[in-house]
Amino acid sequence: MHYYIITGASRGLGKALAEEALKQPDTSVLGVSRHATITHERYQHQPLDLSDMLAVQNNLYKLFPARPDATSLTLINNAGVLGEIGYVGELPNEHFEFVFDVNVVAPAMLMNTFLSAYGSQTSIPRTILNISSGAAQRPIDGWGAYGASKAALDALTRTAQKEQDLRSSGIRLRSLSPGVVDTAMQEHIRTADEQDFSEATRFSGLYSEGQLAQPEVTAGKILAWLHRPTTNGEEIVLRIDSI
Ligand SMILES: NC(=O)c1ccc[n+]([C@@H]2O[C@H](COP(=O)([O-])OP(=O)(O)OC[C@H]3O[C@@H](n4cnc5c(N)ncnc54)[C@H](OP(=O)(O)O)[C@@H]3O)[C@@H](O)[C@H]2O)c1
């Protein structure tokens, strides 16, 4: 059985990734988010609030049980939040903690536990894919915590891949910017004021001009890439148009 653990599987890109994975008959998906929206005989759901660190720590063991029959194991850290859109200096301090908890601390704990639980299953492909953002690479005003959190996720991915290479574990870690995708996160972006986010008009234009990708299309590209063997010298931090 090919096992996937996908966070944020209740809607948007995560739901599309779970549904795309389930199209393969020999695949089982464990979705992790606050709400459950997928009904499928090979889908299991773990309700979890990834901003509640105590709940994450107490439930981690449920996400990574022994899988002796696994033919592959894949963790997709997809859940992410933008949080309140606004400038540093004009936000409640809790905002930074919330965004970093969901976007960095929880994914780091899931990566840590995945590597610890499945590190010894050396005969099968094991992959961790962290969903990042172009905001990690360029400053987008109003998205400070979000961009910084995704940059941290990229750095963690690079470091953990180096460590796994030094251990010769064969485990593949990547982070991937999915491009602009037509999801609730983009709806949230379109509610922002130009004075809190100078690109508000540009992002509304992307939507009205039909330039957002549909989640199913992006998920299809990501799953097709995951199914292909790794190419030599592949970058660790990837963009959707480079896979
Ligand atoms: N959409 C884009 O244009 C875009 C661009 C670049 C990067 N991304 C990245 O792509 C990923 C998916 O984004 P999306 O656009 O699909 O977002 P979305 O539509 O807002 O969906 C977010 C998912 O994350 C889950 N989630 C949010 N807060 C959570 C929490 N506290 N605990 C557990 N789960 C939580 C949600 O589930 P529940 O509400 O059920 O908990 C939902 O399933 C994110 O990492 C995002 O940063 C998106």
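What volume does the largest cavity have? About 60 Å³. Before I go on, a word on the source: this is a predicted model, where local features need pLDDT of at least 70, side-chain atom pairs count only at pLDDT 80 or more, and totals for chains, interfaces and linings use all residues. Residues are numbered from 1 along each chain as its sequence is written, and side-chain values use heavy atoms, with hydrogens and water left out.

Back to that cavity. On a 1 Å grid over the protein atoms alone, a cavity is a set of points where a 1.4 Å probe fits but cannot get out, while a pocket is an open set with protein on both sides within 12 Å along at least five of seven lines; lining residues have an atom within 4 Å of a point. Grid points are joined across faces, edges and corners, and a volume is the space filled by probe spheres set on the points. Searching the whole structure turns up one cavity of 30 Å³ or more.

Who sits around the largest cavity? It is lined by 13 residues, and nearest its centre are Thr7, Asn77, Ala79, Val102 and Pro107. Two elements give two or more residues to this lining, helix 3 (94-118) and helix 4 (144-166); here helices (H or I, at least four residues) and strands (E, at least two) are DSSP runs, numbered from the N terminus. Helix 3 gives the most, with five residues. By class, the lining has eight nonpolar, four polar and one charged residues, where Ala, Val, Leu, Ile, Met, Phe, Trp, Tyr, Cys and Pro count as nonpolar, Asp, Glu, Lys and Arg as charged, and the others, Gly among them, as polar.

Now, how do helix 3 and helix 4 pack? Their angle is about 15°, with the axes 9 Å apart; axes are lines fitted to C-alpha atoms, for helices over the stretch in contact, and angles run from 0 to 180 degrees between N-to-C directions. Helix 3 and helix 4 are therefore roughly parallel to each other (under 35 degrees; over 145 is roughly antiparallel, 65 to 115 roughly perpendicular and the rest oblique). Their crossing is right-handed, meaning that the near helix is turned clockwise from the far one by less than a right angle, with anticlockwise being left-handed.

Helix 3 has another partner, helix 2 (residues 53-63), at an angle of about 30° and with the axes 10 Å apart. Helix 2 and helix 3 are therefore roughly parallel too, and their crossing is right-handed. On the helix 2 side we find Met53, Val56, Gln57, Leu60 and Leu63, meeting residues of helix 3 that include Asp101, Val105 and Met109. The contact divides into nine nonpolar, two polar and one charged.

Let's move to the second largest pocket, with about 300 Å³ of space. Of its 18 lining residues, Ser72, Pro125, Thr127, Leu226 and His227 are the closest to its centre. Strand 1 (2-7), strand 4 (72-77), strand 5 (126-131) and helix 7 (215-227) each give two or more residues to the lining, and the largest share, three residues, comes from strand 4. By class there are five nonpolar, nine polar and four charged.

Finally, helix 7 also packs with helix 1 (residues 12-22), at an angle of about 55° and with the axes 8 Å apart. That makes helix 1 oblique to helix 7, and the crossing is right-handed.

Definitions and conventions
Contact = heavy atoms within 4.5 Å.
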